[in-house]
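User: I would like to learn how to read the helix packing in a model like this one. Could you take me through it step by step?

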Amino acid sequence: MSVLSWLLLAVGVILLATVVVSCVGRARRLDRLHVRTDAARDGLHDALDRRAAAAVAALSGLHGPAAAGLRAALDARTGLRPPPGDGRAETVENALTRALAAIDRTGLPAGPAAELTDAEQLVILARRVHNDAVRDTLGLRSRRLVRWLHLAGTAPVPEYFEIADPDVGRSTPAAAPGDPVH
């Protein structure tokens, strides 16, 4: 073999090694992103469950049409944990958000009102974390090398969870000077 043949072979081996190392790195990163997305989705479901539990606790002190709307939204949510990509959860959670926005929280005892506000803030945070994880995963999945070599394997394509953010503390009384901050 001539020197030129050896040089071309060395360049080819280096190029192949570079592509293999890049593919392995991207596949590992993609796997970690899918794990992160799954964990974020579980955290979002837990936050939504906590908000529903806080709404049930707040429901005991409510009467009238707002209580009926909240009860209907909670009944529709019971046992709902659809697979990713199913829009039923978003529809039901949006109905619960609207029902919670319709109640007057000034008539609620301080404990359930504070728990409900905390749970709603947790839902906002969990949804943002989930959607950020989905965005990062979809960004890597959209790269040419990942698509061409099917580095995502059989992992399902993650989807955003879009619900309306509640007006947290919208109808809660304003804190008076000297009140403890939670």
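Analyst: Happy to. Helix axes are lines fitted to C-alpha atoms over the stretch in contact, and angles run from 0 to 180 degrees between N-to-C directions. Helices (H or I, at least four residues) and strands (E, at least two) are DSSP runs, numbered from the N terminus. This is a predicted model, in which local features need pLDDT of at least 70 and side-chain atom pairs count only at pLDDT 80 or more, while totals for chains, interfaces and linings use all residues. Residues are numbered from 1 along each chain as its sequence is written, and side-chain values use heavy atoms, with hydrogens and water left out.

User: How many helices and strands does the protein have?

Analyst: There are five helices and zero strands, giving the pattern α-α-α-α-α along the sequence.

User: At what angle do helix 1 and helix 2 cross?

Analyst: Their axes cross at roughly 145° and come within 11 Å. For handedness, a crossing is left-handed if the near helix is turned anticlockwise from the far one by less than a right angle, and right-handed if clockwise. Helix 1 passes helix 2 in a left-handed crossing. Contact means heavy atoms within 4.5 Å; here helix 1 brings H45, L48, D49, A52, A55, V56 and L59, and helix 2 brings A67, L70, R71, L74 and R77. By class (Ala, Val, Leu, Ile, Met, Phe, Trp, Tyr, Cys and Pro count as nonpolar, Asp, Glu, Lys and Arg as charged, and the others, Gly among them, as polar), these residues divide into eight nonpolar, one polar and three charged.

User: How do helix 1 and helix 3 cross?

Analyst: Those axes cross at roughly 35° and come within 12 Å, and this crossing is left-handed. L48, R51, A52 and A55 of helix 1 meet E93, L96, T97 and L100 of helix 3. The contact residues comprise five nonpolar, one polar and two charged.

User: Which residues of helix 3 are buried?

Analyst: Buried means under 20% relative accessible area, exposed over 50% and partly exposed in between, with a 1.4 Å probe and protein chains only. In helix 3 the buried residues are A89, V92, E93, N94, L96, T97, A99 and L100. Their cover includes helix 1, helix 2 and helix 4. Across the 182 residues of the protein, 32% count as buried.

User: Why does L96 count as buried?

Analyst: L96 counts as buried because its relative accessibility is 0%. Leaving aside neighbours within four places in sequence, L96 is in contact with R51, A52, L70, A73, L74 and R77. The C-alpha atoms of L96 and L74 are separated by 6.7 Å, although these residues are 22 apart along the chain.

User: Which residues have the most contacts inside the largest nonpolar core?

Analyst: A nonpolar core is a set of buried Ala, Val, Leu, Ile, Met, Phe, Trp, Tyr and Cys residues joined through side-chain atoms within 4.5 Å. The largest one has 18 residues, and L70, L74, L96, L100, I103 and L116 have the most contacts inside it. Helix 1 (3–59), helix 2 (65–77), helix 3 (88–102) and helix 4 (110–141) each supply at least two residues, with the largest share, five residues, coming from helix 1. Another core, of eight residues, lies apart from that one and includes A47, V123, A126 and F161.

User: What is the phi of H150?

Analyst: Most residues other than glycine have a negative phi. H150 has a positive value, near 50°. H150 sits in the segment after helix 5 (144–148) and is exposed, with a relative accessible area of 63%.
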